[in-house]
Structures are given as C-alpha cells and as structure tokens.
Amino acid sequence: MTNTTIRELRFFEATSTLSRPIADATHQIPAIEFIVAEIVLANGVRGQGYLLAFHYSRAAIRGALRDIEPLVLGADAAAPGAFIAQAEREHEYFGHEGVQRWAVGLINIAMWDAWARTLGAPMHRLLGQTRASVPVYGSGGWLSYSDDELLDEVRGYVGRGFYAVKIKVGSPDVQRDLERLRRVREAVGPRVRVMMDANQGCDLAGALTLARAALPLGITWFEEPLHHHDVAGYATLRRQCGISLAMGEREYDTRTLQALIAADGIDLWQPDLLRIGSVEAWRASAALAQAHHLPVLPHYYRDYDVPLLCSIPNGLAAESFDWIDALIDQPLTIHHGQALPREGAGWGFRFLEAHLKEMAP
C-alpha cells in the first residue's frame, strides 16, 4: 500500500438549488440532479468527482457505481490509467459504453482530484498550462421556456458580461424556432454570438431548412442537428447549410469523430468528460481534433472543462450553467465572458456537505 492508495469510497446525491422542469427537442427533464463520488486516500487526502444524473436510468447508474467499488478500493489514485485498464478488462463482457463508462469516468475525475491535491497542484498546472483563461458561453434557452423566460435568461447572461449564448431548437414547428432565435438576437444585439442546439431533434431536410432560414441571424454554430451516427447527413448538411456544425457529447470514444473528419462533416468537437470516460480520453480526443485543425468545445462540465481547456492548444470555449454553484465551496470566477481556472489544488472545489445525501446501498 502507498500513501495514494484508495481506502474509502462514498457516493452522494445532490439536487441543484436551481432545479426545475425543463425540456429540449428530445427529452423532458423533471429535475437537475447529480451524483458525487468521494474517495479517501491512505494519506487522508480526499478527492471528489460528480456527474450530471438528471432522472435517467436511476437503478442502472447506481448499480454500475456499486459494481465498480471493489475495483476502486485498493487502487492507486496516482495511477488513474492503470485503473482504467483494469476496469476495461472487467467490463469487456458487457462492453465499454453506457453506464459502466460513466462510472469509470466519475472515479477517474475523483482520482485526478486526489492525486493533484496530494501534490498541492491546481489541475491546469499539473497538466501543463497553455492559457490563463477560457471564454464561456451562456447555455440554456430550453424549449419549455416561455418567451419571457427565454429573454430574461439571455439578457441575464449578457448583463453578467457573457459574449455568447446558446438556445435550444428542434421544435415541431420550424417557424417557432426561428421566432425564438429572432427574439434572442434582438435582445442581445449584434455583438453577442448566438448558437443553436437541436439535441439530435431534426432530420436532414428539417435541419437544412432551419439552418438556411437562420443564416441571416448570424448563428455561430448549429449543435447536434442530426443523430450522432448520421455521418453522411452531417457531411451533406455541412456542405449546404452555411453554419458551422458542432457535435460530440454523445460519444464514448473517437470513432464517430474519425468518421466525421473523413467525411468533412464537423467543424467543432464537443467531448463530454463523463461519457468519454476519463481525463485521459478527453485529452486524447482533443489531440485528435487538433491534428485535424478542429477546435474543442466541451459539453456541460464547465468546472472540469475550464482547467482542461487551459491545458490544450485548441480549446475554444466552455459551456456555462450555474447549476452547481450554490452546492460547492468555490464557484468558478467569470469576468467579461472569461472563466479563470481555480488556483486551489486539484479541481479546486468541493461539494458542501449540507447539500449531499448519501446514496442508498
């Protein structure tokens, strides 16, 4: 046993203080919920990681986390790659995608946190800093919002100094999407970037119609217009729509990215740290994107993505939600649309115990 051996693992549940029902083009989401993992090393150092759970597959993800516990206890937090290799061997029968990948990713994040805290190093410095801050964009614009709620949100982002906002599209009526986009553009003015996200809610004809109609509004990128495996559709849409295409949050590896690169069907790569399964896999995918001159624009996990983006040369921006800010001890600092990586050791924040409920066995 070394001083970085994991001797304890606990799981907690938390609900955002901003939780309310929301909806995009493909899902109704009743609450904003998280699962937090905490590991304790032999040296007493604690590391945490969290995943955005929503309401999906409650029993499955909790079961995957309990199943992985025997692999975690006794593992060396200073060797997260060795843990991944062991988990992949153990999980091979049922595959390396789905909830087991999420479980590995959650532990990997906590291991990196504990290892960096043992060294007393902030994550962006441990990984090799390339920049001092990262642009962020305000995300949301849910289809379930009233017009007033939509405009209040984007105006709020602009009032806080954000230079870019993203809203949901993919309504059954394309004119409804266009009207919402027009209202947002009028509300934020010509200097603020506006992006749209369909959450795979369009077919090719509908995506092309929406993109062409929205083009005069100065849309910066069109996110997940089609099913993430529709490589031919992305290639066709990219040739014809006139708006940059972004995707990647659904991917557990880089196979679809490689196919999209070969087909000229992508402009912006959006890895999801939990779904792709580790800091190592996130960075490897960013390196592949860099080799093909693609910027990296990660999905959701701002508080991890900002230090990660500060450690690569092709990071573009981080997606910003405020959902965990009231649950943690050190909310991220954002000035004039730029997020500053925390200088505390590890990821630089912890969840407050008052907001954590231990996950049932």
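I count a residue as buried when its relative accessible area is under 20%. I am working on a predicted model.

**Entry 1: Arg 302 and its partners**

I looked up Arg 302 and found 2% relative accessibility, so Arg 302 counts as buried under that cut-off. Which residue does the side chain of Arg 302 meet in a salt bridge? It is Asp 325, with N and O 2.7 Å apart. I then checked where the two partners sit. Arg 302 belongs to helix α12, residues 302-309. Asp 325 lies in the loop between β12 (318-320) and β13 (333-335). The pair is 23 residues apart and links distant parts of the chain. I followed the shared partners further. One network of salt bridges joins Arg 160, Arg 302, Asp 303, Asp 322, Asp 325 and Arg 342.

Glu 249 and Arg 250 form a salt bridge through their side chains, at 3.9 Å from N to O. Are these two buried or exposed? Glu 249 has 4% relative accessibility, so I note Glu 249 as buried. Arg 250 has a relative accessible area of 16%, so Arg 250 is buried too.

Asp 253 and Arg 255 make the other pair, and their closest N and O atoms are 2.6 Å apart. Asp 253 has 22%, so Asp 253 is partly exposed. Arg 255 has 54%, so Arg 255 is exposed.

**Entry 2: the largest pocket**

I turned to the largest pocket. Its volume is about 630 Å³. Which residues are the closest to its centre? Of the 29 lining residues, these are Phe 54, Tyr 56, Trp 102, Arg 250 and Arg 275. Arg 250 is already in my notes, as the salt-bridge partner of Glu 249. Next I asked which elements give two or more residues to the lining. They are β5 (46-52), α3 (99-119) and β7 (164-168). Sorted by class, the lining holds 15 nonpolar, 5 polar and 9 charged residues.

**Entry 3: the nonpolar cores**

The largest nonpolar core has 119 residues. Tyr 50, Leu 181, Phe 222 and Trp 323 have the most contacts inside this core. Helix α3 gives the largest share, 11 residues.

What does Trp 323 touch, leaving aside neighbours within four places in sequence? I list Ser 16, Leu 18, Ile 22, Ile 32, Phe 34, Leu 52, Phe 54, Trp 142 and Tyr 300. Phe 54 is also one of the residues closest to the pocket centre.

Another core lies apart from the largest one. This other core has 8 residues, including Tyr 137, Ala 246, Leu 268 and Ala 317.

**Entry 4: two positive phi values**

Glu 224 is not a glycine, but its phi is positive, near 40°. I located Glu 224 in the loop between β9 (219-223) and α8 (231-241). Its relative accessible area is 0%, so Glu 224 is buried.

His 336 is not a glycine either, and its phi is positive at about 50°. His 336 sits in the loop between β13 and β14 (338-340). Is His 336 buried or exposed? At 60% relative accessibility, I note His 336 as exposed.

Note on methods. Residues numbered from 1 in each chain as written. Predicted model: local features only at pLDDT ≥ 70, side-chain atom pairs only at ≥ 80, totals over all residues. Heavy atoms only, no water. 1 Å grid on protein atoms, 1.4 Å probe; cavity = no way out; pocket = protein on both sides within 12 Å on 5 of 7 lines; lining within 4 Å. Points joined across faces, edges and corners; volume = space filled by probe spheres on them. Helix = DSSP H or I, 4+ residues; strand = E, 2+ residues; numbered from the N terminus. Nonpolar A, V, L, I, M, F, W, Y, C, P; charged D, E, K, R; others polar. Salt bridge = Lys/Arg side-chain N within 4 Å of Asp/Glu carboxyl O. Buried < 20%, exposed > 50% of the residue type's maximum accessible area, 1.4 Å probe, protein only. Core = buried A, V, L, I, M, F, W, Y, C linked by side-chain atoms within 4.5 Å. Contact = heavy atoms within 4.5 Å.
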